[in-house]
Amino acid sequence: MSDNTSAPTAPTPLTLLGLGAMGTALARTWLDAGHPLTVWNRSPGRSAELTAHGARAAGTAAEAVAASPLVVTCLLDDASVRQALADADLTGKDLVDLTTSTPAESRTRAAWAAERGARFLDGGIMAVPPMIGAPEAGGYIFYSGPRALFDEHREVLAVPAATRYVGAEFGLAALYDVALLSAMTAMFAGARHAFALVEDAGIDEKEFGGLVAGWLTAMAPATAGFGAALSAEDATSPAVAEAGDAALLRTAREQGVNPALLIASAGSVTGI
């Protein structure tokens with residue numbers, strides 16, 4: 001009688017370059033899932049906690065790259081990736097770059113990796129470190145590049161956070177990432193502007209903060225409509241919008257708050 005039970009798949013070994021707050025969070029999840037992990041960080045001393053949990057700390061980035069077929073970078077910027085990998089042999093490696101970068105930088109990095117014999121995936125992390133390894137928190141990571149390469153590593157890439165494949169074109173993950181981060185940055189700037197308006201009004205800031213959070217949460221679903229033309233019923237008339245913007249500007253000036261944010265948001269940012 002034959003046994004058709006499949007042998008369990010061995011955990012994928014991988015290398016992680018970069019042990020900042022995000023890199024450390026990623027590393028913990030892979031270690032917890034049983035993946036053999038080699039780590040490297042430019043500043044020494046950050047790997048002690050991870051090595052105590054089974055990670056292998058490499059002395060150089062080149063040594064770390066040599067240890068695994070799958071290499072993940074989570075560094076400060078694109079220049080940091082280039083510097084870290086300068087002396088590494090990337091022949092036959094699969095390089096997944098989770099460093100925040102521009103679409104053009106990601107396309108350039110993909111071509112650079114190919115010239116050095118590596119396959120490349122571009123990634124964009126839509127999470128903060130506490131959300132890594134916590135599916136209920138809603139974090140996820142965008143990926144773009146060859147679909148077959150993404151599918152090959154999907155299981156290990158899904159360990160830290162949910163995966164969202166957005167296309168074969170290099171740079172798409174970076175574009176999604178930076179576009180959403182831009183929306184977040186503008187939202188935070190608006191909240192800071194709101195707090196500046198009430199700073200000297202004797203208002204309870206904790207209570208006001210709850211109002212800000214509640215209002216932004218209530219308005220958030222409306223942002224989905226910015227990608228399509230509004231119907232006549234949904235559109236605010238130009239006269240009403242102009243009057244509303246004028247009131248916001250007058251209030252900012254009355255309260256002594258710089259209106260630059262409001263001036264920028266009232267017009268188009270296309271030409272910036």
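User: Which helix holds the place of Met 187?

Analyst: In this predicted model, Met 187 has its place in helix α7.

User: Why is Met 187 called partly exposed?

Analyst: The relative accessible area of Met 187 is 38%, and because the partly exposed class runs between the buried limit of under 20% and the exposed limit of over 50%, Met 187 is partly exposed.

User: What makes the nonpolar surface patch?

Analyst: The patch, about 570 Å² in area, is made by Met 184, Met 187, Phe 188, Trp 215, Leu 216 and Met 219, and the elements that give two or more residues to it are α7 (172-198) and α8 (205-219).

User: Why is the meeting of the Glu 63 and Arg 56 side chains called a salt bridge?

Analyst: The N to O distance between the side chains of Glu 63 and Arg 56 is 2.9 Å, and since the definition asks for a side-chain nitrogen of Lys or Arg within 4 Å of a carboxyl oxygen of Asp or Glu, the pair is therefore a salt bridge. Glu 63, with a relative accessible area of 31%, and Arg 56, with 39%, are both partly exposed.

User: What do the side chains of Arg 109 and Asp 78 meet in, and how do you know that?

Analyst: They meet in a salt bridge, with an N to O distance of 3.1 Å, which lies within the 4 Å cut-off. Arg 109 belongs to helix α5 (residues 103-115) and Asp 78 to helix α4 (residues 78-84), so the pair ties together parts that are 31 residues apart in sequence.

User: Are Arg 109 and Asp 78 buried or exposed?

Analyst: Buried means under 20% relative accessible area, so Arg 109, at 3%, is buried, and Asp 78, at 10%, likewise counts as buried.

User: How do you know that Arg 119 forms a salt bridge with Glu 152?

Analyst: The closest N and O atoms of Arg 119 and Glu 152 are 3.0 Å apart, so the pair meets the 4 Å cut-off. Arg 119 lies in strand β6 (residues 119-126) and Glu 152 in helix α6 (residues 147-157), so this pair ties together parts that are 33 residues apart in sequence. Arg 119, at 39% relative accessibility, and Glu 152, at 49%, both count as partly exposed.

Conventions: Residues numbered from 1 in each chain as written. Predicted model: local features only at pLDDT ≥ 70, side-chain atom pairs only at ≥ 80, totals over all residues. Heavy atoms only, no water. Patch = residues over 30% accessible without salt bridge, like charges linked within 9 Å, V, L, I, M, F, W, Y side chains within 5 Å. Areas by Shrake-Rupley, 256 points an atom, 1.4 Å probe, with all protein chains shown as cover. Helix = DSSP H or I, 4+ residues; strand = E, 2+ residues; numbered from the N terminus. Buried < 20%, exposed > 50% of the residue type's maximum accessible area, 1.4 Å probe, protein only.
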